[in-house]
Amino acid sequence: MTDRTRDLHYMTLALCLAAKGQGTTSPNPMVGAVVVKQGRIVGQGFHLRPGTPHAEILALQRAGTQARGATLYVTLEPCCHLKKRTPPCVPEVLRSGIRRVVIAMLDPNPAVKGKGTAALRRAGLSVMVGVARPEAENLNKAYCHWMKTGRPYVTLKAGMTLDGQLATASGESQWITGKKSREEVHRLRGEVDAVLVGLGTVLADDPSLTARVGSDLNTLASRQPLRIVLDSRLRTPLKAKVLALQDKAKTMIATTIGAPAVRRSALQKNGIEVLIVPAVDGQVSLPALLKELGRRGITSLLLEGGGEVNASMLKAKLIDHVRLYMAPLLLGGQNAKGVIGGESPARLAGAIALQDVVTRFVGNDVVVEGEL
């Protein structure tokens, strides 16, 4: 086994460990670490949630005195700043006696980027950066996007027919896709920080927007996303399912200053957060909303809106990823509800192209996803 192959092998293991923090580490990144000495793993760990030890610390603790002279493989550059809940990792790496550090990617956080590796090198350690970097960046693409833009990474998700319809002309949509697709969507909800819909979806479908598990999807998952409703005039019914279960799944309604104060008061009395967002043409400013969500540490958002909300988010260039679940059905007609509302471009040059497209089967449904 060559040195390069060996490094890639142990970094792949570290990435697998990091992925165990999916859905729990936000707004922190997912990180995994492995300590190797003389070809043997002597310590490993992954970051679980904010406020708990970082992956490097756990791996070094488990390695103990065997860390001296060993190699540390870590999926993200070790931190060196104090503006966080836990102590910086670089001093602990130095104290452990580690001789070599292999890092998949630099931390995009300006407080860390390049500083951790520089500190390790100044102390005389051998440092290599870039092993399995694409895989590490993909694992933490929401965190990287949030650090770069200040906004959450947004995935547009839709269940649709093969001819691109979300619902019939009467609004019926439950259920276009199969059970396996719905199970996957519930897992996805449990992994993101927030789920967003428009008022139209609430009025038409009355969704709960919770993450659920079990054979009948009736049991609440241990982790729930923040449920967000776009409602410029606060017309969400007080008995809507999205407002229930506030002790287990919080709801925020994004509205404008023009919404009736009496409606705001009624919602707040029911434990619902009402967020006043700047308005554009009487509607919630989507860029302003996403900036505020990012400021609150929301790094990933699942858009489950209707066609008009989807169109508005696309027009504002706020969608980062698209995931479409296509059932083997055809609705046809001009008055069914399409995935993307608004006006169609006059020419094909106005079409939005997906990059890095992947297709797969989930049950009888076909999933197509890609980056924007």
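The second largest pocket has a volume of about 590 Å³, where a pocket, on a 1 Å grid over the protein atoms alone, is an open set of points where a 1.4 Å probe fits, with protein on both sides within 12 Å along at least five of seven lines, and a volume is the space filled by probe spheres set on the points. Of the 30 residues that line this pocket, those closest to its centre are Gln-22, Met-30, Leu-139, Lys-141 and Glu-191; a lining residue has an atom within 4 Å of a point. Among the elements that give two or more residues to this lining are α6 (141–149) and α7 (179–191), helices being DSSP runs of H or I with at least four residues and strands being runs of E with at least two. The model is a predicted one, in which local features need pLDDT of at least 70 and side-chain atom pairs count only at pLDDT 80 or more, while totals for chains, interfaces and linings use all residues. Residues are numbered from 1 along each chain as its sequence is written, and side-chain values use heavy atoms, with hydrogens and water left out.

Helix α7 has 13 residues, which at 1.5 Å a residue should span 18 Å, and its end C-alpha atoms are 19 Å apart, which agrees; the expected span is 1.5 Å times one less than the number of residues. Buried residues of α7 include Ser-181, Val-185 and Leu-188, buried meaning under 20% relative accessible area with a 1.4 Å probe and protein chains only.

How many disulfides does the structure hold? There are zero, a disulfide being a pair of cysteine sulfur atoms within 2.5 Å. The sulfur of Cys-79 is 3.6 Å from the closest cysteine sulfur, in Cys-89, which is too far for a bond, and for Cys-16 the closest cysteine sulfur, in Cys-144, is 18 Å away, again too far.

Turning to the rings, the count comes to two aromatic pairs, where rings of Phe, Tyr and Trp (its six-membered ring) pair if their centres lie within 6.5 Å, and planes under 30 degrees apart count as stacked, over 60 as edge-to-face and the rest as tilted. Tyr-10 and Tyr-73 form a tilted pair, 5.3 Å centre to centre with 40° between the planes. Because Tyr-10 lies in helix α1 and Tyr-73 in strand β3, this pair ties together parts that are 63 residues apart in sequence. The rings of Tyr-143 and Trp-146 are also tilted, with centres 6.3 Å apart and planes at 50°.

Definitions and conventions: Buried < 20%, exposed > 50% of the residue type's maximum accessible area, 1.4 Å probe, protein only.
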